[in-house]
2 protein chains.
Amino acid sequence: MQLLRDIVCSGGGSGDSKAGFSAKKPVFVCVISHTATSEVPGLTVAGANPEMIKYTSAADAEFLYHGHCKCIPAVPATPDGKPTPAVITRAALALASMPLFIADSGAKVKPQVPAISFGLQPGGNISIEDAMPLHEAERAFGYGRLLGAQLAMTSDLVVVGESIPGGTTTALAVLGALGVDARFRVSSSMPDNPHKLKNAVVDRAYARAKGVRAPLEAVARFGDPMMPAVAGIAAGAVEHGRVMLAGGTQMAAVLAVMKGLGVPLARVCIGTTSYVAGDRSADLAGLVRQISKRTPVLACDLHLGESSKQGLRAYADGFVKEGVGAGGASIAAMMKTKADGRKMMKIIEREYSRSIEKASVAEMAATGPPQP
Amino acid sequence: MQLLRDIVCSGGGSGDSKAGFSAKKPVFVCVISHTATSEVPGLTVAGANPEMIKYTSAADAEFLYHGHCKCIPAVPATPDGKPTPAVITRAALALASMPLFIADSGAKVKPQVPAISFGLQPGGNISIEDAMPLHEAERAFGYGRLLGAQLAMTSDLVVVGESIPGGTTTALAVLGALGVDARFRVSSSMPDNPHKLKNAVVDRAYARAKGVRAPLEAVARFGDPMMPAVAGIAAGAVEHGRVMLAGGTQMAAVLAVMKGLGVPLARVCIGTTSYVAGDRSADLAGLVRQISKRTPVLACDLHLGESSKQGLRAYADGFVKEGVGAGGASIAAMMKTKADGRKMMKIIEREYSRSIEKASVAEMAATGPPQP
């Protein structure tokens, strides 16, 4: 079913429940976080090199607010230079004049922006240790619930995104613990999805703590600090309004946690890019169907394959694909402004040009051209 | 001029500019902070004893969210048991379904709620040291500006309150540095306003750094970490809408900082209780007139002198008077719901009864009655 041009909905039962997801006055909140699981070599490319990964979520938050980063000199990128999806998110927020809030649930580097502190440490590497103590997961859920309720009072749709490198591996682990068959179904920031490596990490995690089934305990053992925060924000938001989990298969894990905790899901949807929804190395719709048949999955086609910018075309070729709530923020912006995917692409190109190309030129001017 | 029953406006030029301050969809943000200036004996009663003062602002934030405190066993109170104005604020927020945000700009104890971190340390004791480094004041102003802009996008009136013990002394110091004659004009949480002690502290502060006139430098030398945060939030909010500085003479200092920084003041008002506005030991209206003749001062009469609760009647007798944005939050709630002061008083009594009287009974049940 198509809601607006370039937004496609799968799942979600009757047409009525889909039509309910409009956005006249959306608000966007991005949860930034870190998990030492991301430091397992080969799991993520959310950083120019392994040493940079810990800066990624803070730099994303800074980019959203300032249009440039403060904790690192450039924008977060993959080792071969594909830029962070925060470029898309920022373009969407600006187009739709969407208010932005940052929640810090275990970021390793603190961003130079006003961030709502959940008081959490970065998550542990689940292949060798728990992600966090149970009481921290409970606290993050509780804080999220308080925050989500306030945000929902100010808006008709709370869009919740995330920036946490390595998050699909912890998603896989939590989904499996909660009875969702997710092997070979979680997405990746790389075209060549390292499923076997993810499965191996998760097997080691399960070996440490067999039989854990309670949702927040599964998060504490096998997950990451983003999950209880996003689940809590969503749980608080549905008390007053509607919520869009903005992300890919990581948000399926959050949905499973919410379901396990008995949070009503009638006013929850998932919003993502067509690059995740159509990812042949993953199965977002199938994961969501296993958790909640009535939960709509909205996906926007941002026509990035038609872009004149190489760094954006890469998204259509399976690089990066999603993150920092890019898909959900775009959907909310498209709903609010009636922009279609091609118009979004043009606006994203302008943001790309301003923040990435001009920054590169400035850097070159300062340091001289790259040597052959 | 009377806007609504029990809300009186003084100052503010023409009737039109006053009528602009409506509140159909207000949002409330409380900045919590600490200054070692509050530890000067005799300056404040915002705590049951000197050792408790550092918990006051965190406990206020917890009370607003949870209806009880977590970092201390009871609610913040004066040494003789007059309860925190957070009781009033919470009643107003609930009546008007007003969204609540907490900003932590130098709280000494961290509240167990989601709080927007400004990354500041508690302020120094201005009688012996600077309140903070200049770059921290600048950062708090910048973070505030970012936050205020987001909040204003969600609402038609951003109400900014504060909880910082000892704040009228730092207000006096900053007002004087910015050329506002404030001696014997700042208010107090005590009926017997310790003007001479405040003046002596301020004289010692000025002796350390003569001739400081730049607004944020005055804040850094003589102020407290609440001021740049509130001034920044207000500066960001007026970019998109209207703002109410919710408090007494401390907010006159914030207004002076904003004026000094060139922030446009046309969409700024001050909102407080009649207990501050009518305080004969102070002169809020006169202070504001010296800074900006066109800035309205709204004051609500909450009829607490008619209350059946002793702890509330004390407000009308000059104890506590204001704080935690109680007056401004009440005004916004009255504007949104058309409640008058007597209706507010009844709602505040219910909150008092629920949170203070029942808590005391529970405490007595646990510990036995007080011994004669």
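Two strands are said to pair if DSSP finds at least two bridges between them. In this predicted model, strand β5 (residues 115-117) of chain A and β5(B) pair in the antiparallel sense, and they do so over three bridges.

**Where the chains meet**

- Within the strand pairing, Ala115(A) stands opposite Ser117(B), which belongs to β5(B).
- Counting contacts between the chains, 19 residues of chain B are in contact with 19 residues of chain A.
- On the side of chain B that touches chain A, β4 (100-104), β5 (115-117) and α4 (134-153) of chain B each supply at least two residues, and the largest share, five residues, comes from α4(B).
- The residues on that side of chain B divide into 14 nonpolar and five polar, with no charged residues among them.

**How the copies are related**

**The build of chain A**

- Chain A has 14 helices and nine strands, and its radius of gyration of 19 Å is close to the 21 Å that the globule rule gives for 372 residues, so chain A is as compact as a globular protein of that length.
- Taken along the principal axes, the box filled by the C-alpha atoms of chain A is roughly 55 × 45 × 40 Å.
- Buried residues make up 64% of the 372 residues in chain A.
- Of the contacts in chain A between residues at least 6 apart in sequence, 80% join residues at least 24 apart.

**One helix and its cover**

- In helix α11 (residues 284-291) of chain A, the residues Leu284(A), Leu287(A), Val288(A) and Ile291(A) are buried, and they lie on the same side of α11(A) because they cover an arc of only 95° around the axis.
- An α-helix has 3.6 residues a turn, so residues three or four places apart point the same way.
- The cover over the buried residues of α11(A) includes α5 (167-177), α9 (249-260), β8 (268-273), α10 (274-277) and β9 (297-300) of chain A.

Terms used:
Residues numbered from 1 in each chain as written. Chains lettered and ligands numbered in written order. Predicted model: local features only at pLDDT ≥ 70, side-chain atom pairs only at ≥ 80, totals over all residues. Buried ≥ 20, exposed ≤ 12 C-beta atoms within 10 Å, placed from the backbone. Helix = DSSP H or I, 4+ residues; strand = E, 2+ residues; numbered from the N terminus. Arc of directions from axis to C-beta. Contact = placed C-beta atoms within 7 Å. Nonpolar A, V, L, I, M, F, W, Y, C, P; charged D, E, K, R; others polar. Rg over C-alpha atoms; globule rule 2.2 N^0.38 Å.
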